[in-house]
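Me: I have a structure to go through for class. Can you walk me through it?
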Amino acid sequence: MCSVDMKIENYSHLLDADLKKFCTFKIGGKAKHLFIVHSNNTLLNVCSFCNVHNIKYKIIGYGSNLLFDDRGYNGAIIVNKSENFIFRKNYLYCDAGVNLNALINASMNKNLSGLEFFAGIPSSVGGAIVNSLGAFNHQISDLVEEVICYKKSDPKRRIILSKTDCKFGYRTSTFKDDKFIITRVKLRLTLGEKSSILERMKNCLTKKSRTQPLDKYSAGSVFKRSTLIPAKIIDELGLKGKQIGGAKISNKHSGFIINKENATSIDVQNLIKYINDVVYQKYNQKFELEIEIVPYK
Ligand SMILES: Cc1cc2nc3c(=O)[nH]c(=O)nc-3n(C[C@H](O)[C@H](O)[C@H](O)COP(=O)(O)OP(=O)(O)OC[C@H]3O[C@@H](n4cnc5c(N)ncnc54)[C@H](O)[C@@H]3O)c2cc1C
(Lines give C-alpha, C1' and ligand atoms only; values in the text may rest on other atoms or scores of the structure.)
Protein backbone atom coordinates (compact mmCIF):
# COMPACT_ATOMS: atom_id res chain seq x y z
CA MET A 1 0.00 0.00 0.00
CA CYS A 2 1.77 3.14 -1.06
CA SER A 3 -0.51 5.13 -3.24
CA VAL A 4 -3.69 5.74 -1.36
CA ASP A 5 -6.44 4.82 -3.79
CA MET A 6 -9.30 5.41 -1.42
CA LYS A 7 -12.12 7.83 -2.12
CA ILE A 8 -11.28 10.03 0.78
CA GLU A 9 -11.05 13.80 0.71
CA ASN A 10 -9.56 16.36 2.98
CA TYR A 11 -6.36 14.70 4.04
CA SER A 12 -2.63 14.64 3.38
CA HIS A 13 -0.63 11.45 3.28
CA LEU A 14 3.11 11.41 3.87
CA LEU A 15 5.45 8.47 3.59
CA ASP A 16 8.41 8.20 5.97
CA ALA A 17 7.28 11.28 7.85
CA ASP A 18 9.59 12.74 10.46
CA LEU A 19 7.80 12.30 13.79
CA LYS A 20 9.90 15.03 15.41
CA LYS A 21 7.63 17.50 13.65
CA PHE A 22 4.50 16.02 15.19
CA CYS A 23 5.29 16.01 18.89
CA THR A 24 6.33 18.59 21.47
CA PHE A 25 9.41 16.58 22.55
CA LYS A 26 10.76 16.87 18.97
CA ILE A 27 12.01 13.30 19.27
CA GLY A 28 11.39 10.21 17.16
CA GLY A 29 12.21 8.47 13.90
CA LYS A 30 9.96 8.24 10.89
CA ALA A 31 6.40 7.03 10.60
CA LYS A 32 5.93 4.67 7.68
CA HIS A 33 2.66 6.50 6.93
CA LEU A 34 1.36 9.75 8.32
CA PHE A 35 -2.09 11.12 7.57
CA ILE A 36 -3.25 14.60 8.46
CA VAL A 37 -7.04 14.63 8.47
CA HIS A 38 -9.30 17.68 8.53
CA SER A 39 -12.74 16.20 9.20
CA ASN A 40 -14.29 13.46 11.27
CA ASN A 41 -15.50 11.67 8.16
CA THR A 42 -11.95 11.57 6.82
CA LEU A 43 -10.64 10.41 10.18
CA LEU A 44 -13.08 7.49 10.18
CA ASN A 45 -12.40 6.67 6.54
CA VAL A 46 -8.64 6.61 7.08
CA CYS A 47 -9.11 4.36 10.13
CA SER A 48 -11.28 1.97 8.06
CA PHE A 49 -8.69 2.08 5.30
CA CYS A 50 -5.94 1.11 7.75
CA ASN A 51 -8.11 -1.73 9.07
CA VAL A 52 -8.76 -3.07 5.58
CA HIS A 53 -5.06 -2.92 4.70
CA ASN A 54 -4.04 -4.31 8.07
CA ILE A 55 -2.00 -1.25 8.96
CA LYS A 56 -1.56 -0.56 12.66
CA TYR A 57 -2.47 3.06 13.42
CA LYS A 58 -2.43 5.63 16.17
CA ILE A 59 -4.45 8.84 16.24
CA ILE A 60 -2.69 11.83 17.75
CA GLY A 61 -3.43 15.47 18.50
CA TYR A 62 -0.39 17.63 19.27
CA GLY A 63 1.79 14.73 20.42
CA SER A 64 2.30 16.61 23.67
CA ASN A 65 2.20 13.55 25.89
CA LEU A 66 4.16 11.22 23.63
CA LEU A 67 7.68 9.88 23.36
CA PHE A 68 8.15 8.27 19.97
CA ASP A 69 10.74 5.58 19.29
CA ASP A 70 14.02 6.47 17.59
CA ARG A 71 13.11 3.96 14.87
CA GLY A 72 9.81 5.73 14.34
CA TYR A 73 6.46 4.00 13.91
CA ASN A 74 5.88 0.96 11.78
CA GLY A 75 2.34 1.87 10.81
CA ALA A 76 0.21 4.97 10.31
CA ILE A 77 0.15 8.01 12.54
CA ILE A 78 -3.10 9.92 12.03
CA VAL A 79 -2.87 13.57 13.04
CA ASN A 80 -6.38 14.73 13.83
CA LYS A 81 -6.99 18.29 12.64
CA SER A 82 -10.75 18.11 12.57
CA GLU A 83 -11.42 21.43 14.23
CA ASN A 84 -15.12 22.31 14.17
CA PHE A 85 -16.93 23.48 17.23
CA ILE A 86 -20.23 25.11 18.03
CA PHE A 87 -21.84 26.59 21.14
CA ARG A 88 -25.46 25.92 22.02
CA LYS A 89 -26.40 27.88 25.13
CA ASN A 90 -23.79 26.85 27.68
CA TYR A 91 -22.93 23.63 25.86
CA LEU A 92 -19.89 23.31 23.66
CA TYR A 93 -19.85 20.63 20.94
CA CYS A 94 -16.34 20.19 19.62
CA ASP A 95 -14.39 17.90 17.36
CA ALA A 96 -11.61 15.95 19.04
CA GLY A 97 -9.01 17.69 16.89
CA VAL A 98 -9.78 21.19 18.20
CA ASN A 99 -6.94 22.98 19.94
CA LEU A 100 -7.88 23.42 23.59
CA ASN A 101 -6.44 26.93 23.70
CA ALA A 102 -8.64 28.00 20.78
CA LEU A 103 -11.64 26.73 22.76
CA ILE A 104 -10.54 28.59 25.87
CA ASN A 105 -10.52 31.88 23.96
CA ALA A 106 -13.78 31.19 22.12
CA SER A 107 -15.56 30.24 25.37
CA MET A 108 -14.27 33.31 27.13
CA ASN A 109 -15.64 35.48 24.33
CA LYS A 110 -19.04 33.84 24.91
CA ASN A 111 -18.79 34.54 28.66
CA LEU A 112 -18.52 30.84 29.34
CA SER A 113 -16.29 29.55 32.08
CA GLY A 114 -14.70 26.17 32.86
CA LEU A 115 -11.82 25.79 30.44
CA GLU A 116 -9.67 28.77 31.43
CA PHE A 117 -7.70 26.77 34.02
CA PHE A 118 -6.11 24.78 31.20
CA ALA A 119 -4.60 27.79 29.44
CA GLY A 120 -1.16 27.15 28.03
CA ILE A 121 -1.45 23.35 27.94
CA PRO A 122 -0.68 22.11 24.43
CA SER A 123 -3.57 19.76 23.74
CA SER A 124 -6.31 18.71 21.39
CA VAL A 125 -9.68 17.92 22.91
CA GLY A 126 -9.20 14.22 22.05
CA GLY A 127 -5.85 14.01 23.85
CA ALA A 128 -7.33 15.87 26.82
CA ILE A 129 -10.17 13.33 27.10
CA VAL A 130 -7.92 10.28 26.71
CA ASN A 131 -5.50 11.56 29.36
CA SER A 132 -8.13 13.14 31.59
CA LEU A 133 -6.27 16.41 31.50
CA GLY A 134 -6.19 18.59 34.57
CA ALA A 135 -4.53 21.62 36.11
CA PHE A 136 -4.87 23.73 39.23
CA ASN A 137 -7.33 21.24 40.78
CA HIS A 138 -9.64 21.42 37.76
CA GLN A 139 -10.21 18.45 35.47
CA ILE A 140 -11.58 18.44 31.93
CA SER A 141 -13.71 15.48 33.04
CA ASP A 142 -15.70 17.85 35.31
CA LEU A 143 -17.06 19.45 32.13
CA VAL A 144 -17.76 16.34 30.07
CA GLU A 145 -21.38 15.53 29.23
CA GLU A 146 -20.76 12.95 26.53
CA VAL A 147 -18.09 11.65 24.19
CA ILE A 148 -18.85 10.44 20.68
CA CYS A 149 -16.51 7.69 19.64
CA TYR A 150 -16.10 4.47 17.64
CA LYS A 151 -14.30 1.25 18.38
CA LYS A 152 -11.14 1.02 16.27
CA SER A 153 -12.34 -2.43 15.29
CA ASP A 154 -15.66 -1.02 14.01
CA PRO A 155 -15.30 2.58 12.73
CA LYS A 156 -18.82 2.51 11.30
CA ARG A 157 -20.74 2.16 14.56
CA ARG A 158 -21.15 5.41 16.48
CA ILE A 159 -21.07 5.10 20.27
CA ILE A 160 -22.13 7.78 22.73
CA LEU A 161 -20.48 7.50 26.12
CA SER A 162 -21.60 9.39 29.20
CA LYS A 163 -19.10 10.85 31.61
CA THR A 164 -19.52 7.79 33.87
CA ASP A 165 -18.89 5.44 30.93
CA CYS A 166 -15.59 7.26 30.28
CA LYS A 167 -14.23 6.06 33.67
CA PHE A 168 -12.12 9.15 34.20
CA GLY A 169 -9.41 8.92 36.81
CA TYR A 170 -6.15 10.68 37.50
CA ARG A 171 -4.66 11.04 33.98
CA THR A 172 -6.58 8.00 32.80
CA SER A 173 -9.85 7.04 31.17
CA THR A 174 -11.53 4.17 29.39
CA PHE A 175 -9.80 5.42 26.19
CA LYS A 176 -6.29 4.82 27.49
CA ASP A 177 -6.02 1.33 26.00
CA ASP A 178 -6.03 2.83 22.49
CA LYS A 179 -9.07 0.90 21.29
CA PHE A 180 -11.23 3.93 20.48
CA ILE A 181 -11.50 6.72 17.94
CA ILE A 182 -12.86 9.86 19.57
CA THR A 183 -14.56 12.22 17.14
CA ARG A 184 -16.63 14.66 19.16
CA VAL A 185 -17.16 15.82 22.72
CA LYS A 186 -19.96 17.69 24.44
CA LEU A 187 -18.83 19.93 27.31
CA ARG A 188 -20.98 21.79 29.81
CA LEU A 189 -19.65 25.24 30.66
CA THR A 190 -21.03 27.77 33.11
CA LEU A 191 -21.99 31.37 32.57
CA GLY A 192 -19.37 33.80 33.82
CA GLU A 193 -17.99 37.24 33.19
CA LYS A 194 -15.43 37.68 30.48
CA SER A 195 -13.20 39.90 32.64
CA SER A 196 -12.99 37.40 35.51
CA ILE A 197 -12.50 34.46 33.13
CA LEU A 198 -9.66 36.37 31.50
CA GLU A 199 -8.12 37.12 34.87
CA ARG A 200 -8.24 33.45 35.92
CA MET A 201 -6.78 32.45 32.57
CA LYS A 202 -3.91 34.91 32.92
CA ASN A 203 -3.23 33.79 36.50
CA CYS A 204 -2.98 30.16 35.40
CA LEU A 205 -0.72 31.07 32.49
CA THR A 206 1.54 33.17 34.70
CA LYS A 207 1.83 30.42 37.32
CA LYS A 208 2.52 27.83 34.66
CA SER A 209 5.20 29.79 32.85
CA ARG A 210 6.82 30.78 36.16
CA THR A 211 7.16 27.17 37.29
CA GLN A 212 7.39 25.08 34.10
CA PRO A 213 9.84 25.09 31.17
CA LEU A 214 7.16 25.95 28.61
CA ASP A 215 9.77 27.35 26.23
CA LYS A 216 11.64 24.02 25.99
CA TYR A 217 10.84 20.82 24.11
CA SER A 218 9.17 18.36 26.51
CA ALA A 219 6.08 16.23 27.00
CA GLY A 220 5.04 17.85 30.28
CA SER A 221 5.30 16.00 33.59
CA VAL A 222 7.05 12.70 33.01
CA PHE A 223 5.75 10.90 36.08
CA LYS A 224 2.39 10.65 37.79
CA ARG A 225 1.96 11.87 41.32
CA SER A 226 1.21 9.24 43.93
CA THR A 227 2.11 9.17 47.60
CA LEU A 228 5.43 10.27 46.12
CA ILE A 229 5.54 13.74 44.55
CA PRO A 230 8.01 13.28 41.68
CA ALA A 231 9.38 16.84 41.36
CA LYS A 232 9.88 17.15 45.12
CA ILE A 233 11.64 13.80 45.41
CA ILE A 234 13.83 14.37 42.35
CA ASP A 235 14.92 17.66 43.96
CA GLU A 236 15.57 16.00 47.33
CA LEU A 237 17.65 13.30 45.69
CA GLY A 238 19.81 15.98 44.07
CA LEU A 239 18.90 14.91 40.53
CA LYS A 240 17.79 18.33 39.23
CA GLY A 241 19.78 19.20 36.10
CA LYS A 242 20.97 15.60 35.59
CA GLN A 243 21.60 14.99 31.89
CA ILE A 244 21.98 11.80 29.87
CA GLY A 245 22.86 12.38 26.22
CA GLY A 246 20.69 15.27 25.10
CA ALA A 247 17.94 14.64 27.70
CA LYS A 248 17.97 16.71 30.86
CA ILE A 249 15.92 17.06 34.03
CA SER A 250 14.66 20.63 33.83
CA ASN A 251 16.25 23.12 36.22
CA LYS A 252 12.93 24.94 36.36
CA HIS A 253 10.68 21.93 37.19
CA SER A 254 12.21 18.61 38.17
CA GLY A 255 9.13 16.72 37.01
CA PHE A 256 9.93 17.66 33.41
CA ILE A 257 12.56 16.09 31.18
CA ILE A 258 13.56 18.43 28.38
CA ASN A 259 15.11 17.75 25.01
CA LYS A 260 18.17 19.92 25.62
CA GLU A 261 20.27 19.09 22.61
CA ASN A 262 19.06 16.61 19.99
CA ALA A 263 17.99 14.07 22.58
CA THR A 264 17.07 10.62 21.37
CA SER A 265 14.20 8.56 22.68
CA ILE A 266 16.76 6.26 24.27
CA ASP A 267 18.38 9.24 26.07
CA VAL A 268 15.02 10.08 27.63
CA GLN A 269 14.28 6.45 28.50
CA ASN A 270 17.73 6.03 30.06
CA LEU A 271 17.19 9.15 32.14
CA ILE A 272 13.78 7.86 33.25
CA LYS A 273 15.38 4.55 34.25
CA TYR A 274 18.19 6.33 36.08
CA ILE A 275 15.69 8.42 38.08
CA ASN A 276 13.56 5.39 38.90
CA ASP A 277 16.60 3.35 40.01
CA VAL A 278 17.67 6.08 42.42
CA VAL A 279 14.09 6.53 43.68
CA TYR A 280 13.73 2.77 44.18
CA GLN A 281 16.89 2.57 46.29
CA LYS A 282 15.51 5.14 48.69
CA TYR A 283 11.74 4.52 48.63
CA ASN A 284 11.42 0.92 47.48
CA GLN A 285 8.95 2.00 44.80
CA LYS A 286 9.10 3.56 41.37
CA PHE A 287 7.30 6.42 39.70
CA GLU A 288 4.59 5.53 37.20
CA LEU A 289 4.89 7.19 33.81
CA GLU A 290 2.51 10.00 32.86
CA ILE A 291 4.02 10.33 29.38
CA GLU A 292 3.28 7.59 26.88
CA ILE A 293 6.11 5.78 25.12
CA VAL A 294 4.93 4.84 21.65
CA PRO A 295 6.66 1.66 20.50
CA TYR A 296 7.91 1.21 16.93
CA LYS A 297 5.93 -1.99 16.36
C1 LIG B 1 4.64 22.00 28.32
C2 LIG B 1 3.56 21.00 28.65
C3 LIG B 1 2.72 21.21 29.73
C4 LIG B 1 1.73 20.28 30.04
N5 LIG B 1 0.90 20.53 31.11
C6 LIG B 1 -0.09 19.66 31.39
C7 LIG B 1 -1.00 19.91 32.49
O8 LIG B 1 -0.92 20.93 33.16
N9 LIG B 1 -1.96 18.97 32.72
C10 LIG B 1 -2.10 17.84 31.98
O11 LIG B 1 -3.01 17.04 32.25
N12 LIG B 1 -1.24 17.57 30.96
C13 LIG B 1 -0.26 18.45 30.64
N14 LIG B 1 0.60 18.18 29.61
C15 LIG B 1 0.49 16.90 28.86
C16 LIG B 1 -0.33 16.97 27.54
O17 LIG B 1 -0.42 18.30 27.09
C18 LIG B 1 -1.72 16.40 27.74
O19 LIG B 1 -1.66 15.04 28.06
C20 LIG B 1 -2.62 16.60 26.48
O21 LIG B 1 -3.96 16.35 26.82
C22 LIG B 1 -2.25 15.70 25.30
O23 LIG B 1 -2.99 16.15 24.20
P24 LIG B 1 -2.56 15.87 22.69
O25 LIG B 1 -3.65 16.36 21.83
O26 LIG B 1 -1.21 16.41 22.42
O27 LIG B 1 -2.55 14.29 22.70
P28 LIG B 1 -1.41 13.34 22.14
O29 LIG B 1 -0.19 13.49 23.00
O30 LIG B 1 -1.26 13.55 20.68
O31 LIG B 1 -2.07 11.92 22.43
C32 LIG B 1 -2.30 11.49 23.74
C33 LIG B 1 -3.08 10.17 23.68
O34 LIG B 1 -4.40 10.42 23.22
C35 LIG B 1 -4.67 9.58 22.08
N36 LIG B 1 -5.56 10.35 21.21
C37 LIG B 1 -5.44 11.63 20.82
N38 LIG B 1 -6.49 12.00 20.07
C39 LIG B 1 -7.29 10.92 19.97
C40 LIG B 1 -8.55 10.66 19.31
N41 LIG B 1 -9.20 11.59 18.59
N42 LIG B 1 -9.08 9.42 19.43
C43 LIG B 1 -8.45 8.45 20.14
N44 LIG B 1 -7.27 8.63 20.78
C45 LIG B 1 -6.70 9.86 20.69
C46 LIG B 1 -3.32 9.29 21.47
O47 LIG B 1 -3.33 8.10 20.69
C48 LIG B 1 -2.46 9.16 22.71
O49 LIG B 1 -2.60 7.86 23.27
C50 LIG B 1 1.60 19.10 29.27
C51 LIG B 1 2.48 18.88 28.18
C52 LIG B 1 3.44 19.83 27.86
C53 LIG B 1 4.33 19.60 26.69
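Reply: First a term: helices (H or I, at least four residues) and strands (E, at least two) are DSSP runs, numbered from the N terminus. This is a predicted model, where local features need pLDDT of at least 70, side-chain atom pairs count only at pLDDT 80 or more, and totals for chains, interfaces and linings use all residues. Residues are numbered from 1 along each chain as its sequence is written.

Me: Ok, which elements each supply at least two residues of the shell around the ligand?
Reply: They are β3, α3 (125-131), β9 (134-135) and β13 (180-188). The most come from α3, with five residues.

Me: And which residues come nearest to the ligand?
Reply: Gly 61, Ser 124, Gly 126, Gly 127 and Gly 220, out of 34 residues around the ligand. A residue counts as near if its C-beta atom, placed from the backbone, lies within 6 Å of the molecule.

Me: How is the protein chain divided?
Reply: Into domain 1 (11-80), domain 2 (85-211) and domain 3 (230-294); such bounds come from an automatic or database domain assignment. The shell around the ligand takes at least three residues from each of domain 1 and domain 2.

Me: How many residues of domain 1 are in contact with domain 2?
Reply: 14, and they meet 16 residues of domain 2. Contact means that the C-beta atoms, placed from the backbone, lie within 7 Å. On the domain 1 side, α1 (40-52) and β3 (57-60) are the elements giving two or more residues. The most come from α1, with six residues.

Definitions and conventions
Contact = placed C-beta atoms within 7 Å.
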